[in-house]
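Please read the following points alongside the model.

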Amino acid sequence: MGDRYDDYRRTFEIDWPEERILRLTLNKPETYNSLDSDGHRDMTYIWRDIDEDRDVSAVILTGKGKAFSSGGDFSMIRKNIDNYDDRVRAWKEARDLVYNIIDCCKPTVSALNGVAVGAGLVAGLLCDISIAAKSARIIDGHTRLGVAAGDHSVINWPLLCGMAKAKYYLMLCESVYGEEAERIGLVSLCVEDDALQDKALEVARKLAKGAPSAIRWTKYALNNWYRSMGPAYDASTALEMLGFTGPEVEEGLAAHLEKRAPNFDPESSA
């Protein structure tokens, strides 16, 4: 008989570095831990199982190899453009991913190594304690693809780093590296690359040994700041999905595939 996490092992390497600490390592290093449709679904719903697992007191999320996650793969983007049912499923999973992480009662720690984009970045920045390596490169990526910044950014970036910085990075798709991300408050900590995993484990250990109810209730209360932004977040995700029906995403995807700058039509806007 398998355990509750067996189905998720297609996406994550799952281990217990110490008692009561669950570690999820995105395990597709050959594509910088991109997420296909199965991976996106796994990232969305594993948090419900963690929430119910009485053996877990803290969680670490990281990526294997040179990257944390390069986000949704091109096949998933193509499906969202071409197929209504895939687009609706992506919308529902994007919504559930954010709220499942927010509502998971267990304290979570992310260790951001290398590039962090898309659904992987959603989880990384919504974790309770986010730790970035100095070489970590955080980028939202949506407007370069030709869709509105949805996923998570509207629910937490303005709160984490302020509206001015949020608009700058989200509208321009500028990269934020580890030290700058810590300076502006986008992540909790920044450490040397070779200290990242040890620091994540150290923080998770402290959380796991702390007063369980006090920590979980503190998390719940603080996350009401995110819940209060639910209507704004829901609008952003709906507008993102609307963008998958328009011409800009076709040019954005083509630019990614051809490894060139996109050339958007300035007259195409509503």
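How many salt bridges does the structure hold?

1. The structure holds 25 salt bridges, a salt bridge being a side-chain nitrogen of Lys or Arg within 4 Å of a carboxyl oxygen of Asp or Glu. This is a predicted model, in which local features need pLDDT of at least 70 and side-chain atom pairs count only at pLDDT 80 or more, whereas totals for chains, interfaces and linings use all residues. Residues are numbered from 1 along each chain as its sequence is written, and side-chain values use heavy atoms, with hydrogens and water left out.

2. One of these salt bridges joins the side chains of Arg10 and Asp38, at 3.8 Å from N to O. Since Arg10 lies in the segment before S1 and Asp38 in helix H1, the pair ties together parts that are 28 residues apart in sequence; helices (H or I, at least four residues) and strands (E, at least two) are DSSP runs, numbered from the N terminus. Arg10 counts as exposed at 51% relative accessibility, while Asp38, with a relative accessible area of 39%, is partly exposed. The terms are used as follows: buried is under 20% relative accessible area, exposed is over 50%, and partly exposed is in between (1.4 Å probe, protein chains only).

3. Lys134 and Glu179 also meet through their side chains in a salt bridge (3.7 Å, N to O). This pair links distant parts of the chain, with Lys134 in the loop between S6 and S7 and Glu179 in helix H8 (residues 178–183), 45 residues apart. Lys134 is partly exposed, its relative accessible area being 33%. Elsewhere, Arg48, Lys92, Arg95 and Asp96 are linked in a network of salt bridges.

4. Leaving aside neighbours within four places in sequence, Ile50 is in contact (heavy atoms within 4.5 Å) with Tyr5, Leu22, Leu24, Val56, Val59, Cys104 and Lys106.

5. Strand S4 (residues 108–112) is mostly covered, five of its five residues being buried. Both faces are covered, with Thr108, Ser110 and Leu112 buried on one side and Val109 and Ala111 on the other. S4 pairs with S3 in the parallel sense over three bridges, where Val59 stands opposite Thr108. Four bridges join S4 to strand S6 (residues 129–133), and these two run parallel, with Val109 opposite Ile129.

6. Three strands form an open sheet of mixed pairing in the order S5-S7-S8. Strand S5 (115–116) and strand S8 (176–177) stand at the edges, each with a single partner strand, so one side of each is left without a neighbour in the sheet. S5 and strand S7 (residues 137–138) pair in the parallel sense over two bridges, and Val115 has Arg137 in S7 as its bridge partner.

7. Most residues other than glycine have a negative phi. Arg20, in the loop between S1 and S2, has a positive phi of about 75° although it is not a glycine, and is partly exposed with a relative accessible area of 30%. Lys259, in the segment after helix H13 (247–258), has a positive phi of about 55° and is exposed, with a relative accessible area of 77%.

8. Arg260 is partly exposed, with a relative accessible area of 28%.

Conventions. Pairing = 2+ DSSP bridges.
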